Amino acid sequence: AVKEQEDATSISNVDKGADAVRISSVADAGVLTVNVPEGLDGALLQIYSLSGAVVASSSLSGAGAHSVNVASLSPGLYVATVAVGGTRTEQKIMVR
């Protein structure tokens, strides 16, 4: 299950414990950070335009914080999804 927060820059799974994948962005810096908990490997990050097209994709190896440069994306609103360990986390992100 996924829970969307009102803050458009971060989201986490409904489970906010140590097992939750977290997505956050620094819109002005053009960096998206995905924090994958210990014990989960093989995360797939995909970024979608609002029309549903995949505009970026990245495989994330291992646990920990992964920084992904999104500065090459055109300014606008996107949806970032991370699939790992049978769960999917998604978040709207703003690229400026």
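With which residues is His 66 in contact, leaving aside its neighbours within four places in sequence? In this predicted model, local features need pLDDT of at least 70 and side-chain atom pairs count only at pLDDT 80 or more, whereas totals for chains, interfaces and linings use all residues. Residues are numbered from 1 along each chain as its sequence is written, and side-chain values use heavy atoms, with hydrogens and water left out.

Beyond those sequence neighbours, His 66 is in contact (heavy atoms within 4.5 Å) with Leu 32, Thr 33, Val 34, Val 36, Leu 60 and Ser 61. His 66 lies in strand β7, residues 64–69, strands being DSSP runs of E with at least two residues, numbered from the N terminus. Because its relative accessibility is 14%, His 66 counts as buried, a term that denotes under 20% relative accessible area with a 1.4 Å probe and protein chains only. The side chain of His 66 also reaches the backbone oxygen of Gly 62 at 3.0 Å.

In the largest nonpolar core, which has 18 residues, Leu 32, Val 34, Leu 45, Ile 47, Ala 80 and Val 82 touch the most other members; such a core is a set of buried Ala, Val, Leu, Ile, Met, Phe, Trp, Tyr and Cys residues joined through side-chain atoms within 4.5 Å. At least two residues of this core come from each of β4 (31–36), β5 (43–49), β8 (76–84) and β9 (87–95), and β8 supplies the largest share, four residues. Ala 80, its neighbours within four places in sequence aside, has contacts that include Ile 23, Leu 32, Leu 45 and Ile 47.

Key:
Buried < 20%, exposed > 50% of the residue type's maximum accessible area, 1.4 Å probe, protein only. Polar contact = N/O pair within 3.5 Å; in protein donor to acceptor, adjacent residues only side chain to side chain.
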